[in-house]
Amino acid sequence: QVQLVESGGGLVQAGGSLRLSCAASGRTFSMYTMGWFRQTPGKEREFVAAISWRGGVTDYADSVKGRFTISRDNAKSTVYLQMNSLKPEDTAVYYCTAGAWETVVAGSGYWGQGTQLTISS
């Protein structure tokens, strides 16, 4: 099992940038696919990005392609989400997730507690 703690959320103006971090505990971090989802009130949690255990494969939601970049540092047991050109519609609680690739992209992995990101127009 792995425990995940997100950080880096906050209030940002539209067009700005921010980087989210997710620190994982557990010796098997490097074996997990890692991902990010987001959720707004009244809506289901939606996939944002995923990265394979070695970092060689990534996937993104169409809505964030070209603006967001997922990366990981296995030595630090941390996954990052660099977000550029932020839009008000990116406002959400962002969750870190871990598991096998299929589990992560399906939204069935381990979850962190989430971090709020608010984009002002």
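Predicted model: local features only at pLDDT ≥ 70, side-chain atom pairs only at ≥ 80, totals over all residues.
Contact here means heavy atoms within 4.5 Å.

Residues are numbered from 1 along each chain as its sequence is written, and side-chain values use heavy atoms, with hydrogens and water left out.

**Stop 1: the whole fold.** Switch to a cartoon view. You will find 1 helix and 11 strands, where helices (H or I, at least four residues) and strands (E, at least two) are DSSP runs, numbered from the N terminus. Their order along the sequence is β-β-β-β-β-β-β-β-β-α-β-β. The radius of gyration, taken over C-alpha atoms, is 13 Å, close to the 14 Å from the globule rule for 121 residues, so the protein is as compact as a globular protein of that length. That rule is 2.2 Å times the number of residues to the power 0.38. Along its principal axes, the C-alpha trace spans about 40 × 30 × 25 Å.

**Stop 2: the core.** Now select M34, W36, L81, M83 and Y94. Of the 33 residues in the largest nonpolar core, these touch the most other members. Such a core is a set of buried Ala, Val, Leu, Ile, Met, Phe, Trp, Tyr and Cys residues joined through side-chain atoms within 4.5 Å; buried means under 20% relative accessible area, exposed over 50%, and partly exposed in between (1.4 Å probe, protein chains only). Next, colour β5 (46-51), which gives the largest share of this core, 5 residues. In the protein as a whole, buried residues make up 43% of the 121.

**Stop 3: around L81.** Centre on L81 and show its surroundings. Leaving aside neighbours within four places in sequence, its contacts include W36, V48, F68, I70 and Y94.

**Stop 4: strand β11.** Select 115-120 and show side chains. Which residues form its covered face? They are T115, L117 and I119, while Q116, T118 and S120 make up the uncovered one.

Two strands pair if DSSP finds at least two bridges between them. Strand β2 (residues 10-13) pairs with β11 in the parallel sense over 4 bridges, and V12 stands opposite I119. With β9, the pairing of β11 is antiparallel over 3 bridges; there, look for V93, whose bridge partner is Q116.
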